[in-house]
Amino acid sequence: MEVDREQLISVARKALGMAIAPLSGYLVGAALLTAQGKIYSGCNIENASLSLSLCAERVALLKALSEGEKEFKAIAIVSSGLPLCPPCGACRQMLYEFAPHIEVIMTNPKGRVISTKIEELLPLPFDH
Ligand code: THU
């Protein structure tokens, strides 16, 4: 199955509209594609107790995992800030653990779609 990157980005953009980010004002949306072609979206959700805030990528991943999904092909990430929104370190670790070969799709500052693999973003991962 081919990954429709534009479609994933557009689902991520829609999810960005749900972001709850009163503390940072930085809105993030993610769209996670399963091996069966289903898409789970996520947005960042901030909390007054700052460390409880969740990134959009992990919200999408946890939604999918809690529905029994096991295999993932790609994740698109968009933000209200700079066009390029690479996943934070914690999200890289979680993506790697549950989807060690996942494609990570972002848009570059010119609005072009760019894609990489989690292995590129998290070299020498902690794994046991
Ligand atoms: N954020 C994400 O949702 N994903 C990332 O990969 C980076 C950061 C969120 C967390 C917080 O709500 C806001 O962006 C500012 O850091």
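Helices here are DSSP runs of H or I with at least four residues, and strands are E runs of at least two. I'm working from a predicted model.

**Fold.** I looked up the secondary structure to begin with, and the protein comes to 4 helices and 5 strands. I then read the elements from the N terminus on, and they run α-β-β-α-β-α-β-β-α. I checked the radius of gyration too: it is 14 Å, close to the 14 Å that the globule rule gives for 128 residues, so the protein is as compact as a globular protein of that length. Along its principal axes, I get a C-alpha trace of about 35 × 35 × 30 Å.

**Ligand site.** Next I went to the ligand. The space it takes is the largest pocket. Which residues are around the ligand? I noted Ser24, Tyr26 and Val28, then Asn44 and Glu46, then Cys55, Ala56 and Glu57, and finally Pro86, Pro87 and Cys88. Sorted by class, that shell has 7 nonpolar, 2 polar and 2 charged residues.

I went through the ligand's oxygen atoms. For Asn44, I found a side-chain N or O atom 2.9 Å from an oxygen of the ligand. Ala56 comes in through its backbone, with a polar atom there 2.9 Å from a ligand oxygen. Last, I looked up how much of the ligand is covered: taken alone it exposes 370 Å², and the protein buries 78% of that.

Methods. Residues are numbered from 1 along each chain as its sequence is written. This is a predicted model: local features need pLDDT of at least 70, side-chain atom pairs count only at pLDDT 80 or more; totals for chains, interfaces and linings use all residues. Side-chain values use heavy atoms; hydrogens and water are left out. A residue is near a molecule or strand if one of its heavy atoms lies within 4 Å of it. A polar contact is a pair of N or O atoms within 3.5 Å; within protein, one must be able to donate a hydrogen and the other to accept it, and residues adjacent in sequence count only if both atoms are side-chain atoms. Accessible areas come from the Shrake-Rupley method with a 1.4 Å probe; for residues, only the protein chains shown count as cover. On a 1 Å grid over the protein atoms alone, a cavity is a set of points where a 1.4 Å probe fits but cannot get out, and a pocket is an open set with protein on both sides within 12 Å along at least five of seven lines; lining residues have an atom within 4 Å of a point. A molecule sits in a cavity or pocket if more than half of its atoms lie within 2 Å of its grid points. Ala, Val, Leu, Ile, Met, Phe, Trp, Tyr, Cys and Pro count as nonpolar, Asp, Glu, Lys and Arg as charged, and the others, Gly among them, as polar. The radius of gyration is taken over C-alpha atoms; the globule rule is 2.2 Å times the number of residues to the power 0.38.
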